[in-house]
Amino acid sequence: MPTPYGHVFAGGILYLLANRGAPRRADAGRILLYAGLAAAADLDLFLDLWVGEPGRFHHGISHSLGMAVLVGLGAAVATWKSGPSALGVFAAAFSLHTSHVLLDYLAVDTKEPFGLMALWPLSDAYYLSPVPVFLDVWRWPVSGEMVRHNVLAVVRETLILFPALAVLFYVRRRSGRNLSDPSFGGHAVPTGPAGEGRGDVE
Ligand SMILES: [Zn+2]
């Protein structure tokens, strides 16, 4: 699995895809929400800690497209009466959870069972990319080698994900155009004289 930093990066990329205009200070809460949802699947590590059995839950059904659907439905239901498009909220939450599944699928995994239960509930099989893109995270034992490895993992994630984030940020800042389909969560708002309107996932 990539580091939480890598998942947060992916959440930032999806935020820029789903929302118009360059992020403002007022958007901080929503950006944190995107980042949190992109990284949330790894909360299953606490279940492993709870039962005292490493790997019992991690990379199981929490890391699947089926769970992404459940997260999307949960988000849509939770925001049902607060105004935003239910389809847009579902799409945003589903995409954020799926980004986590995709990044973990593309990462090195040295612990059995290798990979993740990506297609649950259609299949209980574990899937792992034959070509790793991201490094794994070393947690234990704490050592200089562990620190060096994890720093290298973060550097690699930055080199891979930062260009996409930077290009999207530039495009958003320059044009304010919404690259996403409105059904993803953005909604049209009147544009000003300079075409700087915004459409945010509410
Ligand atoms: Zn994960």
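This dialogue explains how to read several features of the structure above, which is a predicted model.

User: Why do Asp-42 and His-100 count as buried?

Analyst: The term buried applies under 20% relative accessible area. Asp-42 counts as buried because its relative accessibility is 9%. His-100 counts as buried because its value is 0%.

User: How many residues of helix 1 are buried?

Analyst: A helix can be read by its length and by its cover. Helix 1 (residues 4–18) has 15 residues and reaches 21 Å from its first C-alpha to its last, close to the 21 Å expected at 1.5 Å a residue. Helix 1 is mostly covered, with 11 of its 15 residues buried. Among them are Phe-9, Ile-13, Leu-14 and Leu-16.

User: Which residues make the nonpolar surface patch?

Analyst: An α-helix has 3.6 residues a turn, so residues three or four places apart point the same way. In this model, Val-147, Val-151, Val-155, Leu-159 and Ile-160 make a nonpolar surface patch of about 420 Å². One of these residues, Ile-160, is found in helix 6 (residues 144–175). Ile-160 counts as partly exposed because its relative accessibility is 35%.

User: How many salt bridges does the whole structure contain?

Analyst: One looks for oppositely charged side chains that meet, and a search of the whole structure finds 2 salt bridges. Arg-24 and Asp-27 form a salt bridge at 3.6 Å, N to O. Arg-24 is partly exposed, at 43% relative accessibility, whereas Asp-27 is buried, at 3%. Arg-56 also forms a salt bridge with Glu-53, and their closest N and O atoms are 3.6 Å apart. In this pair, Arg-56 is partly exposed at 47%, and Glu-53 is partly exposed at 39%.

User: Where are the cis peptide bonds?

Analyst: The omega angle is the value to inspect. A cis peptide bond joins Glu-112 and Pro-113, with omega about -10°. The bond from Trp-120 to Pro-121 is also cis, with omega near 10°. Pro-113 lies in the loop between helix 5 and helix 6, and Pro-121 is placed in the loop between helix 5 and helix 6.

User: What is the phi value of His-59, and where does His-59 lie?

Analyst: Phi is another backbone angle to read. For His-59, phi is near 70°, a positive value in a residue other than glycine. His-59 is in the loop between helix 3 and helix 4 (65–78). Because its relative accessibility is 6%, His-59 counts as buried.

Note on methods. Residues numbered from 1 in each chain as written. Predicted model: local features only at pLDDT ≥ 70, side-chain atom pairs only at ≥ 80, totals over all residues. Heavy atoms only, no water. Patch = residues over 30% accessible without salt bridge, like charges linked within 9 Å, V, L, I, M, F, W, Y side chains within 5 Å. Areas by Shrake-Rupley, 256 points an atom, 1.4 Å probe, with all protein chains shown as cover. Salt bridge = Lys/Arg side-chain N within 4 Å of Asp/Glu carboxyl O. Helix = DSSP H or I, 4+ residues; strand = E, 2+ residues; numbered from the N terminus. Buried < 20%, exposed > 50% of the residue type's maximum accessible area, 1.4 Å probe, protein only. Expected span 1.5 Å × (residues − 1).
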